[in-house]
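Please find below a short note on the model under review.

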Amino acid sequence: MYILDPKFAMLIYEINNLKIKVAEKIVERDSLIYHTCKNLKIDYMLKIGSLEYKLLKIQNEILIAKRKIEILKDKHKNKENIDIDVEEINKKIEIEFLEFNKIEKNMLEDIDIAIDLSMSDILDNEQIHKINEIYLKLQSRCNPIFNTEYDDNNFKKIEKLYKLGNIKKLESMLKDTKENPVIDEIENLEKFKKRYEEIIRENNAIITKIKNNFPYNQKNLLENESLCRRKKNDINDLIYINEQELDLLIKECNKLTK
């Protein structure tokens, strides 16, 4: 009669539990990156980002106006010919504020992308839950971490379909796969265990970083209508104040250029 070594049996049990946790962590990570955060960013850019862009643009214009006034005052002080140098001043300021303009441009591009994506097919929470269930099974069966019959190139097709949110094709691929046998060889069991534990730690770190940064850190704000409305009101108030300041600076600029 064959008696299974209790230590060996416990190791097999631990490793196969770790395998499940590894797959779950990978799915959680990818779901955050490709679906949850994507949706949150679209939502944020449409609700808040457009107002923040307007505020940023006005604030940049204020800085430019202040710099222009500074240059013009120096020229008045030195009794230089203002009319001749206005175009040159504008070119100088454009170079000085190149980085500011890049930030403004990138923000506008993010808003345009969000608008385009909002009009395309994006997964809702129910669909994300469904695709995650399929992806979890495919991870367990096809990820080279667990199944040496699959290489990285083959698995990348699954990852790409998941990233695109193609539920139907992933369902079709799932039908063509089968459950992996439970790990039962004693050789290298400790190696498997350490590898899985390290993968879990790495993904926990990635997930924590994602949740502590934009756009996930705005999740509560976006899901709370009252907080969202208050945020919009605060930005609109700042926009109004900055518009008043900009108007005064433009008038001062015009006086100095006459």
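1. A salt bridge is taken here as a side-chain nitrogen of Lys or Arg within 4 Å of a carboxyl oxygen of Asp or Glu. In this predicted model, the rule gives a count of 19 salt bridges.

2. Residues are numbered from 1 along each chain as its sequence is written. As the model is predicted, local features need pLDDT of at least 70 and side-chain atom pairs count only at pLDDT 80 or more, while totals for chains, interfaces and linings use all residues, and side-chain values rest on heavy atoms, without hydrogens and water.

3. Lysine 130 and glutamate 171 pair through their side chains in a salt bridge, at 3.5 Å from N to O. This pair links distant parts of the chain, with lysine 130 in helix 4 and glutamate 171 in helix 6 (residues 167–175), 41 residues apart. Helices are DSSP runs (H or I, at least four residues) numbered from the N terminus. Lysine 130 counts as partly exposed because its relative accessibility is 40%; the class lies between buried (under 20% relative accessible area) and exposed (over 50%), with a 1.4 Å probe and protein chains only. Glutamate 171 is likewise partly exposed, at 29%. Elsewhere, salt bridges with shared partners join Arg67, Glu70, Lys92 and Glu96 into one network.

4. Which residue forms a salt bridge with lysine 47? The partner is aspartate 43, the closest N and O atoms being 3.3 Å apart. Both residues lie in helix 1, four residues apart, about one turn of the helix. Glutamate 28 and lysine 25 also form a salt bridge, with 3.5 Å between the closest N and O atoms; these two lie in helix 1 as well, three residues apart.

5. Leu46, Ile115 and Met119 make a nonpolar surface patch of about 290 Å². Patch residues have over 30% relative accessible area and no salt bridge, and nonpolar side chains (Val, Leu, Ile, Met, Phe, Trp, Tyr) are joined within 5 Å, like charges within 9 Å. Methionine 119 sits in the loop between helix 3 (98–118) and helix 4 (125–142), and counts as exposed because its relative accessibility is 64%.

6. Helix 1 (6–77), helix 4 and helix 8 each supply at least two residues of the lining of the second largest pocket. Helix 1 gives the most, with seven residues.

7. The mean pLDDT (the predictor's confidence in each residue, from 0 to 100) of the chain is 90. Confidence is lowest in helix 2 (residues 82–96), at a mean of 80, and highest in helix 8 (residues 219–223), at 97.

Definitions and conventions: Areas by Shrake-Rupley, 256 points an atom, 1.4 Å probe, with all protein chains shown as cover.
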